[in-house]
Amino acid sequence: MEKSLKEQVLTTLRTDNRFYNIKEHLRDVLLKEVSNIYKPNIHSPHTNQTNLYDEYYNEFYHSITTGPLEEAYSKFVNPVLGFLKEKSVINVLDIGSGMFVNSGVLAYELLKLNKTINIVSIDKKLPPFIALNHASDEIRYLLYESNFSVKSSRLTWQVILKDARTIKTNTMFDIILHDGFSPYKNPSLWTLDFLYILYKSLKQEGIWISYTSNKSVQSSLNFLNFKIDFVEPVGRKRPSMMAFKTAKHKSNIDLQNPYAIPMRDITLSADEDKIISDYFIRVYILKSKYYSPSKD
Ligand SMILES: C[S@@+](CC[C@H](N)C(=O)[O-])C[C@H]1O[C@@H](n2cnc3c(N)ncnc32)[C@H](O)[C@@H]1O
């Protein structure tokens with residue numbers, strides 16, 4: 001049987017020589033922190049018929065407090081509509097497209113505003129169509145009906161079924177919807193190296209948006225010179241982030257935290273357990289050598 005992600009990460013950590021450069025008591029703290037991240041999900045995968053569950057990442061596709069629709073509106077669509085209103089043609093890159101709820105709702109709202117929309121969605125998997133009893137279902141259904149390639153006068157929608165890290169496109173995007181599973185479980189989508197690919201595909205003044213406020217992701221966005229805005233939380237305590245490709249601005253990010261270092265994937269092909277183990281080892285080396293807990 002294939003090892004779980006938790007088992008893979010714990011094995012990778014213990015076989016990395018740098019693990020033994022971490023002070024002994026902190027090694028235990030690290031192993032506990034990692035075990036806690038991958039603890040079993042307390043919510044039954046079958047409680048919600050409209051929210052999919054991924055066994056490997058041990059996570060739901062959408063927030064279990066708000067559900068898919070409210071999450072799409074509050075974290076991905078409402079925060080960007082105002083910024084897109086001046087544009088007549090909008091190119092959207094949809095990373096981790098999953099059930100296509102974020103992109104479907106955005107397309108639905110932009111079509112109502114008479115925009116022309118070109119979407120490129122990318123994911124490793126194609127889940128079945130799930131109706132949400134909302135007017136945007138029709139657009140998502142059209143995508144499934146047309147074999148994942150829509151070409152109409154005001155909407156083009158192309159779905160690429162592969163690892164997003166291998167994306168090659170000449171299109172420059174106005175907006176990137178970034179929706180992987182949580183950064184510590186699905187780090188392949190949250191490294192500095194992958195975010196750099198996205199940065200290069202974004203137009204000047206373009207918008208990157210996601211649901212996370214993870215410190216490592218903040219530090220990578222900051223390193224790439226994105227201007228970061230925090231979006232008020234809905235259904236949870238922490239805010240989410242949107243980031244602008246803006247030439248001149250002052251960083252507003254607190255980087256005085258050992259977790260605020262980028263996750264790395266230099267070859268853009270490393271396994272999830274390798275990326276996250278490397279990150280946590282670097283975090284804990286910082287903690288053991290240089291960091292005073294009074295800064296927390
Ligand atoms: C939180 S779900 C996305 C939900 C989706 N945005 C929606 O509106 O329904 C995360 C998605 O990321 C995809 N994913 C994870 N790692 C990936 C990778 N390296 N490349 C492409 N897709 C990936 C998963 O298959 C999953 O569909």
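A residue counts as near a molecule or strand here if its C-beta atom, placed from the backbone, lies within 6 Å of it. This is a predicted model, where local features need pLDDT of at least 70 and side-chain atom pairs count only at pLDDT 80 or more, while totals for chains, interfaces and linings use all residues. Residues are numbered from 1 along each chain as its sequence is written.

**View 1. Who sits around the ligand.** The ligand is surrounded by 21 residues, and the closest are Gly96, Gly98, Met99, Val101 and Asp179. Sorted by class, the shell has eight nonpolar, seven polar and six charged residues. For that sorting, Ala, Val, Leu, Ile, Met, Phe, Trp, Tyr, Cys and Pro count as nonpolar, Asp, Glu, Lys and Arg as charged, and the others, Gly among them, as polar.

View 2. The chain is split into domain 1 (5-40 + 266-295) and domain 2 (67-244), with bounds from an automatic or database domain assignment. Nine residues from domain 1 and 10 residues from domain 2 make the contact, meaning C-beta atoms, placed from the backbone, within 7 Å. On the domain 1 side, helix H8 (residues 272-289) gives the most, with four residues. That side has seven nonpolar, one polar and one charged residues.

**View 3. The largest nonpolar core.** This core has 59 residues, and Val92, Leu106 and Trp208 are among those with the most contacts inside it. Both domain 1 (5-40 + 266-295) and domain 2 (67-244) give residues to the core, so it lies between them. A nonpolar core is a set of buried Ala, Val, Leu, Ile, Met, Phe, Trp, Tyr and Cys residues joined through C-beta atoms within 7 Å. Zoom in on Val92: leaving out residues up to four places away in sequence, its partners include Leu106, Ile119 and Phe173.

View 4. In H5 (residues 137-145), Ile139, Arg140 and Leu143 are buried. They cover an arc of only 100° around the axis, which puts them on the same side of H5; the arc is that of the directions from the helix axis to the C-beta atoms. Over on the other side, Glu138 and Glu145 are exposed. A residue is buried if 20 or more other C-beta atoms lie within 10 Å of its own, exposed if 12 or fewer, and partly exposed in between, with C-beta atoms placed from the backbone. H4, strand E5 (149-151) and strand E6 (155-161) are among what covers the buried residues of H5.

Notes
Two residues are in contact if their C-beta atoms, placed from the backbone, lie within 7 Å. Helices (H or I, at least four residues) and strands (E, at least two) are DSSP runs, numbered from the N terminus.
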